[in-house]
Structures are given as C-alpha cells and as structure tokens.
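Thank you all for coming. I would like to walk you through one structure, so please have the sequence and the model in view as I talk.

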Amino acid sequence: MEPIRIFYFSDILCIWAYVAQIRLDELKKTFQEKIAIKHHFVPVFGVSLEKLENRWRDRGGLQGYSDHVKEVAKKFDHISLHPDIWTKVTPVSSTSCHLFLHAIQLVEMKGLVDLDRQVFEKATQAFREAFFTRLANVSDRKVQFEIAEELKLPIAAIQAEIDSGEAYAQLSQDFELVKELMVTVSPTLIFNEGRQRLNGNVGYRVMEANIRELLHNPPGEQSWC
C-alpha cells in the first residue's frame with residue numbers, strides 16, 4: 001500500500017509551527033512508513049516587520065505581538081521562549097531562511113550528507129529554536145551559516161545550491177503550491193489530494209484520526225466521515 005502523502009506547510013517564524021513540531025514528530029513515530037510528509041513553506045512572515053507593525057498597531061505594536069506569543073507559549077510545556085521575543089530582534093523576512101533550508105534539503109536529496117541524519121528536518125527545528133529561544137536573526141545569511149556550521153553541514157554545498165538557482169526553484173514551487181492549494185495559515189496539513197486539510201493549532205489526536213481514517217478508507221472507497 002502506498003504511503004499517505006501529506007503536504008505540510010509552515011513558516012519558520014510561526015509560533016504555532018514551533019508548538020506543532022512535537023506533534024509532527026509523534027505522527028512519524030506512530031505511522032512510520034505509512035505516511036510520507038512533504039515539507040513546504042508558506043510566507044506568513046515574508047514581510048514580517050511591516051506586517052506586525054500594521055496588524056498590531058492598535059494592540060501595542062511589536063511589544064503587543066511579543067506578549068501574545070508569550071501567552072501562547074505558556075500553554076505548552078514542551079517549548080522554550082526568550083522573554084524578549086520579537087522585540088529586541090525582529091527578522092525582516094522568513095523567506096531568506098526558507099531559501100536556505102531548501103538548499104539544505106537539496107544537499108540531503110543529492111546524498112551529500114548522511115541520509116540517516118535527517119538534516120533538513122533537524123535544521124528546520126534548529127532554526128526555529130535558534131530564533132525562539134536565543135533571538136538569533138535567522139533572516140540574516142551570516143546567522144544561517146553559523147547555525148549550519150553548528151549542525152556540521154557542508155557550507156560550500158549549501159551555497160552552491162543557492163548560487164545555482166535550484167534552491168530558488170524549490171522555493172518558487174512552494175509559492176505555486178500555496179496559491180494552488182490556497183494555503184494561508186501556518187501550519188497547514190493537506191491530505192487526500194487536497195480534499196482534507198487541518199489548519200493552525202490542531203491537536204495531535206485530530207491529526208492521528210484523519211490519518212487513520214484514510215488508512216481504513218483507501219482511495220476510491222466511500223468514507224462515512
């Protein structure tokens with residue numbers, strides 16, 4: 001039986017994607033080869049400073065958004081958060097980081113690193129943690145290379161994927177899928193050839209139930225859900 005294909009869209013600067021990482025890990029642990037998760041990025045914070053200043057102008061600006069993120073984090077024991085999140089350091093765009101992570105993904109796909117290391121997913125998690133716990137400005141290329149070096153990744157190979165344009169092509173594919181599938185929220189999980197989706201802060205049991213339903217109702221069979 002073919003694995004259930006899941007499109008997973010997230011923004012590296014999204015607090016809800018940071019919260020949801022543990023749920024994604026549990027899905028992979030539970031279902032293993034029965035699911036195939038394909039990671040894509042949605043630029044919720046593509047123009048982060050302008051977006052936050054406009055949307056939070058009447059609610060305390062960046063400090064108001066920082067307070068909101070801290071209130072979210074209080075509800076989840078499995079994540080850590082820097083007390084000055086979004087105020088002392090405000091990455092101007094998540095897009096730069098998404099490009100860099102796609103370059104890491106390409107390095108992995110081409111077998112230039114040990115495939116057992118799962119470097120793309122570990123790097124994605126490392127970049128999120130670097131921002132949310134250490135206030136690392138992950139939109140800055142110098143910081144991106146510093147994190148890659150901490151992970152012992154091949155810097156020259158990553159740069160080559162950016163210079164060649166291949167990482168840009170991967171990022172452009174994300175933009176096209178975001179439009180085609182009308183993705184506006186981070187994180188978003190899309191199943192069943194686009195017919196099912198889960199948006200935002202969705203609990204693990206809901207994710208699990210959707211996958212089990214698809215496993216028990218293969219394509220072509222009618223579901224009572």
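Predicted model: local features only at pLDDT ≥ 70, side-chain atom pairs only at ≥ 80, totals over all residues.

In which helix is the place of Ser66? Ser66 sits in helix α3, where helices are DSSP runs of H or I with at least four residues, numbered from the N terminus. Residues are numbered from 1 along each chain as its sequence is written, and side-chain values use heavy atoms, with hydrogens and water left out.

Ser66 is counted as buried because its relative accessibility is 0%, buried meaning under 20% relative accessible area with a 1.4 Å probe and protein chains only. If we set aside residues up to four places away in sequence, Ser66 touches Pro83, Ile85, Trp86 and Thr87, a contact being heavy atoms within 4.5 Å.

Trp86 takes us to the largest nonpolar core, where it is listed with Leu101, Ile104, Phe127 and Val138 as having the most contacts inside a set of 58 residues. Such a core is a set of buried Ala, Val, Leu, Ile, Met, Phe, Trp, Tyr and Cys residues joined through side-chain atoms within 4.5 Å. Leaving aside neighbours within four places in sequence, Leu101 is in contact with Ile12, Phe41, Phe120, Ala123, Thr124 and Phe127. There is also a second, separate core of 18 residues, with Leu24, Phe31, Ile35 and Met207 among them.

What about the cysteines? A disulfide here is a pair of cysteine sulfur atoms within 2.5 Å, and by this rule the count is zero. The sulfur of Cys97 is too far for a bond, because the closest cysteine sulfur, in Cys14, is 13 Å away. Cys14 counts as buried at 5% relative accessibility, and Cys97 is buried too, with a relative accessible area of 0%.

Finally, let me turn to a pocket. The second largest pocket is lined by 16 residues, of which Val44, Phe45, Lys51, Arg55 and Tyr65 lie nearest its centre. On a 1 Å grid over the protein atoms alone, a pocket is an open set of points where a 1.4 Å probe fits, with protein on both sides within 12 Å along at least five of seven lines, and lining residues have an atom within 4 Å of a point. The largest share of that lining, three residues, comes from α2.

Key:
Buried < 20%, exposed > 50% of the residue type's maximum accessible area, 1.4 Å probe, protein only. Helix = DSSP H or I, 4+ residues; strand = E, 2+ residues; numbered from the N terminus.
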